[in-house]
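This report describes selected features of one protein model, working from its secondary structure to its charged side chains.

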Amino acid sequence: IAALMPVDVPEEEWDDLQIVFATSDGDVRRNALSDFTNVMRNGKIAMKLPDEVSLVNARICDENDDVMLVTSSGRAIRFATDEVRVFKGRDSTGVRGVRLSGDDRVVSMSVIRHFEADPAERAAYLKQRRLMAGVTEDEADDEEEAVAAGQLSPERYAEMSAAEDLILTITAGGSGKLSSSHDYPVRGRGGMGVKAMDGAMRGGPLVASFPVDMSDQIMLATSTGQSIRVPVDQISFRSRSAGGVKVFNVGDG
């Protein structure tokens with residue numbers, strides 16, 4: 001099993017929704033949810049995958065959402081769902097979502113709310129947001145064009161806060177952090193994305209990145225069966241390009 005996708009909308013509304021699929025080699029595909037109305041007990045072929053390519057995730061989306069792909073080497077790309085056309089067939093793996101280098105692979109795909117903000121607004125919001133969270137680390141990211149933080153009105157800050165998703169990122173070594181979805185710029189699909197973790201990757205490769213609520217709890221499980229349950233509000237809020245903090249003290253190997 002590669003993905004578990006709750007479907008909590010009436011079947012008569014399925015024509016208005018889509019499923020977005022992502023593969024480990026960076027492809028994405030969007031199908032109408034109604035393509036999967038009649039699924040028999042023995043299943044239905046949703047995608048034919050090349051050798052050594054696996055399905056990473058499948059999620060319900062609509063035209064008002066963004067797709068975010070995160071790779072094991074700490075890269076993230078975010079693009080609007082309508083950058084991926086709605087496919088009619090179920091054979092293709094779709095179109096390129098992220099350009100991978102070397103042996104990098106996609107480890108997480110999530111659907112987050114689309115929000116339009118210019119770079120100055122994003123910079124201003126993130127500056128205030130980090131101050132409120134008590135973040136003091138250096139926020140410089142040499143991959144993004146330096147933009148002076150603009151002035152946000154209280155109303156605009158409240159609007160951006162209401163549209164914010166908190167992105168939890170976890171590494172194989174048990175490090176993790178929370179970041180603002182506004183820290184991940186909306187760009188066209190097919191690029192290499194931006195940093196989702198510090199360049200040194202001290203916590204090991206990324207294993208997951210997805211939206212959470214502060215009231216949530218998460219469970220982490222290791223390859224040898226150890227598990228831990230952690231309230232999200234005990235995980236540090238940090239910038240997108242910063243390293244994580246220890247969430248789970250994972251044993252060697």
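Helices (H or I, at least four residues) and strands (E, at least two) are DSSP runs, numbered from the N terminus, and the expected span of a helix is 1.5 Å times one less than its number of residues. The model is predicted, so local features need pLDDT of at least 70 and side-chain atom pairs count only at pLDDT 80 or more, while totals for chains, interfaces and linings use all residues. Residues are numbered from 1 along each chain as its sequence is written, and side-chain values use heavy atoms, with hydrogens and water left out.

Helix α1 covers residues 119-133, and its 15 residues reach 21 Å from the first C-alpha to the last, close to the 21 Å expected at 1.5 Å a residue. At its start, a side-chain oxygen of Asp 118 comes to within 3.1 Å of the backbone nitrogen of Ala 120; after the helix comes Gly 134, whose phi is positive, near 75°.

Two strands pair if DSSP finds at least two bridges between them, and four strands form an open sheet in the order β8-β4-β5-β11, with antiparallel pairing. Because β8 (106-113) and β11 (194-195) stand at the edges with a single partner strand each, one side of each is left without a neighbour in the sheet. Strand β4 (residues 65-71) is joined to β5 (residues 75-80) by five bridges, and Val 70 stands opposite Ala 76 in β5.

## Salt bridges

The structure holds ten salt bridges, each defined as a side-chain nitrogen of Lys or Arg within 4 Å of a carboxyl oxygen of Asp or Glu. In one of them the side chains of Asp 183 and Arg 130 meet at 2.7 Å, N to O; this pair links distant parts of the chain, with Asp 183 in the loop between β10 and β11 and Arg 130 in helix α1, 53 residues apart. Asp 183 is buried, at 6% relative accessible area, and Arg 130 also counts as buried, at 11%.

Within helix α2, Glu 159 and Arg 156 lie three residues apart, about one turn of the helix. Salt bridges that share partners join Glu 121, Arg 156 and Glu 159 into one network.

Technical notes. A polar contact is a pair of N or O atoms within 3.5 Å; within protein, one must be able to donate a hydrogen and the other to accept it, and residues adjacent in sequence count only if both atoms are side-chain atoms. Buried means under 20% relative accessible area, exposed over 50%, partly exposed in between (1.4 Å probe, protein chains only).
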